[in-house]
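I opened this structure to look up a few local features. My entries follow in the order in which I made them.

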Amino acid sequence: MLIVGELINTSRKAIAEAVDNKDAEYIKKIAQEQVDSGANYLDVNCGTQVFNEVESMEWLVNAIQELVQIPLCIDSPNPKALAAGLALCKYGQPMINSITDEKERVKAVLPLAVQYKAKLVALCMDDTGMPETAADRMRVVDSLYAKLSNQGIPDEDIYFDPLIKPISSVDTAGEEVLGTIKGIKSTHPEVHFMCGLSNVSYGLPNRKVLNRLFVVQTMTLGMDGYILNPTDKGMMGTIAASKALLGQDSFCVNYLKAHREGLYAE
Amino acid sequence: MSEFAQLAQFVYKGAAPSVKELTQKMVDSGTSPMEIITNGLLAGMDIVSPKFKNGEMFVPEVMMSARALGEGMKILKPLISGEDVSVAKTIVIGTVSGDLHDIGKNLVVMILESGGFNVVDLGVDVSPAKFVAAVKENNAQVVGMSALLTTTMLNMKETIDLMKEEGLRDQVKIMIGGAPVSQSFADEIGADAYCADAMAAKDTAGKFLK
């Protein structure tokens, strides 16, 4: 299981302000909190800084690494920002978020993954958009997988993101994702998965309940990576419990640890 | 309860078959199609809008209401003569170049249509030239642009710049929306309004087209 902490993202107001004011202490604090809460990677996204994304990325990566020694997930649709962030990563194997099967994106991002031996979040979409049916999705997966493999990206460095749509707009959105996990598992058993969770519950009340249940449902089918807020105790507790129930927690060590940390307090 | 109020209730409840049935019945008994739209269908959406705004109703329910309203409109649209239709209320809308996300945009289209606007939906990956052509062709007064990516949101500016070059900028009001977009971004690129959600888009369009 890989938990990527999502909080360092300039679409969040406090982070945008910290970047604008070059407030490294705040960034470090958020980085440390996420690590302390159990994040394995920290996502770094400053895409909303459209006019100086590259500089902001460099500043953020440096600020984080002044305090915490954790691998980073460099997150941008802009290859220049990806390159700038990756070049500065000092700890562990970096992760790129993300590549798609769009021609331009493959051309720009795949060489970066090779150069930095990075893990790669691979979104299930191509130049025609987000696939509608499970079969379309698998076509995109197979096509992208072939390109990554050709360039020597090992299966265990590939993290497929099935792209989660809100069930408030697409009734079958949740079920589609479950089907996609099953499909990918059967054709490419060694690859990993990554997904964000908040999309699924967009437009509905009690979003936390939906998000937590969806973690359990997707984990059951083999999803093993999430981009989320690791300081959300309820969510982290749900994941620990789910792992124990799925037989991935010998002697329930982590479940009990979560209990002692108060993750199941009412 | 009057038939109008009943129809409004059906729209509010998202009961598409009932809306269809009652609309047809009212048409058959000689009720004016424009009145059915204004006092029945749109009155129903007027119940929905505030409830959605203050969190009593949710996205899927709004979509059900919009779908129910659509069933009524299907019957009524062919019956209303040209000058009654809101020809002066045309909105051209699309997701900008390079961006293929359309869930939010589609919701906005649905809500705008349910607000009685004539919406020309250009789909996704719409180039500045396509926006400009559509404004000319439809004599639109409002342009709505959506973007979900930080890399594509700058294409909103491209579109606005082309509108200026083509001398159309004063003729149209431009509203934008999408996850990475904000009021300050709207100000920066010279859009007329930022809309945080579909209801805000409807209210904004209403103000522009008053």
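Entry one, aromatic pairs. I counted 1 aromatic pair over all chains. The rule I used takes rings of Phe, Tyr and Trp (its six-membered ring) as a pair if their centres lie within 6.5 Å; planes under 30 degrees apart count as stacked, over 60 as edge-to-face and the rest as tilted. The pair is A:Tyr255 with A:Tyr264: the ring centres are 5.0 Å apart and the planes stand at 40 degrees, so I noted it as tilted. I then looked up accessibility, where buried means under 20% relative accessible area, exposed over 50%, and partly exposed in between (1.4 Å probe, protein chains only). A:Tyr255 is partly exposed at 31%, and A:Tyr264 is partly exposed at 26%.

Note on the source. This is a predicted model, in which local features need pLDDT of at least 70 and side-chain atom pairs count only at pLDDT 80 or more, while totals for chains, interfaces and linings use all residues. Residues are numbered from 1 along each chain as its sequence is written, chains are lettered from A and ligands numbered from 1 in the order in which they are written, and side-chain values use heavy atoms, with hydrogens and water left out.

Entry two, a charge over a ring. I found the charged end of A:Lys22 over the ring of A:Trp59, 5.3 Å from its centre. The rule asks for NZ of Lys or CZ of Arg within 6 Å of the ring centre and within 35 degrees of the ring normal.

I placed A:Ser98 in strand E4 (residues 95-101) of chain A. Helices (H or I, at least four residues) and strands (E, at least two) are DSSP runs, numbered from the N terminus. A:Ser98 is buried, with a relative accessible area of 5%. Its side chain makes a polar contact with the side chain of A:Arg105 at 3.1 Å. Such a contact is a pair of N or O atoms within 3.5 Å; within protein, one must be able to donate a hydrogen and the other to accept it, and residues adjacent in sequence count only if both atoms are side-chain atoms. The peptide bond from A:Asn97 to A:Ser98 is cis, with omega near 25 degrees.

Most residues other than glycine have a negative phi, and most peptide bonds are trans. A:Lys117, not a glycine, has a positive phi of about 45 degrees. I found A:Lys117 in the loop between helix H5 (103-115) and strand E5 (119-126) of chain A, exposed at 63%.
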